[in-house]
Amino acid sequence: MAGRGRGHEGTVNSAKACSSVQRHLAETTARELVIGGEMSEVSETPRKAKGSRWVAGGWIVTGIYVLLVAWALASGGYVEFKTPLSLNDFAAVLTGVFAPPAFLWLAVATMVQSGELALQREELQLTRQEFVQSREVAKEQALEAKNQAHFIEVQTGIFASDAADRHLDAMLQSLVELLLQKFQNPMVVRASNGDTQQIRGLASGDVHTLGGMVDSVRGSTSDLRKMLMVYPDAKVYILPGPLKALKSTIGELRAHIPGVSAARRAVLAASNFRGFLHDADYILSVSFTGT
């Protein structure tokens, strides 16, 4: 139940993380669109406004100049032409008439171009600012992606630890059933001279709990050590099937424990399960099958 709770909590955390990442990416994308739109409005509106003002002013001045020239020609009191005009005189008249508008429009073009250059500088500055903002957004997105990868890694670790815990529970249950079925009765210790004694079975105590199983095996090991002090060459007689099953189960437990969750390792440590494995190895090392 604890493993499933951790798995569910990890799933909720991962879902929240993914939702947060997606929401943040949407906000940053919207912010980029707003920035781009504002920059476009800022760059286009001044260009049209400034350029149109100078051109409009040029046309107004040109119109006034044309009206003045027409009025001067129509009045007849301000301009007198010799007839016929020579080619040089005609060219001089044209030069005098068109020179002011030419200089006017040269000034208008210069001012418009100057405004365009100023706008280009502003656009370059805004572009640099946009690049800086885009770089910051990219950094934030990379950080969010890294956080998402971390949450996925944590989630995967939770699932793996949960599966390892369930497998450990299954192996411990199998060990309890093996002890109850094959190692509940007293075990025979046989010396080389033929003398036999009995010690408590590995499941002589309450092995349904982890602590009870550790204590029961420790009691059998204590009895065996006392017997070996009297009969140093004595062996514990165990049937071939149960002996093989016990060796296999102990080996699988020893190999599987490093992969379980930290909480489950803490429970095993509090129950002195390492001492249980040491005692089981000791009994297996002095056992024989009688064949």
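Biologist: Where is Ala234 found?

Modeller: Helices (H or I, at least four residues) and strands (E, at least two) are DSSP runs, numbered from the N terminus. Ala234 lies in the loop between H3 and strand S3 (235–237). This is a predicted model, in which local features need pLDDT of at least 70, side-chain atom pairs count only at pLDDT 80 or more, and totals for chains, interfaces and linings use all residues. Residues are numbered from 1 along each chain as its sequence is written, and side-chain values use heavy atoms, with hydrogens and water left out.

Biologist: Is Ala234 buried or exposed?

Modeller: Buried means under 20% relative accessible area, exposed over 50%, partly exposed in between (1.4 Å probe, protein chains only). Ala234 has a relative accessible area of 4%, so it is buried.

Biologist: Which residues is Ala234 in contact with, leaving aside its neighbours within four places in sequence?

Modeller: Contact means heavy atoms within 4.5 Å. For Ala234 the residues are Val189, Arg190, Ala191, Leu228 and Val286.

Biologist: What does the side chain of Ser216 reach at 2.5 Å?

Modeller: A polar contact is a pair of N or O atoms within 3.5 Å; within protein, one must be able to donate a hydrogen and the other to accept it, and residues adjacent in sequence count only if both atoms are side-chain atoms. Ser216, in helix H3 (residues 210–230), reaches the backbone oxygen of Leu202 at 2.5 Å with its side chain. That side chain of Ser216 also reaches the backbone nitrogen of Ser204, at 3.3 Å.

Biologist: Is Ser216 buried or exposed?

Modeller: Ser216 is buried, with a relative accessible area of 6%.
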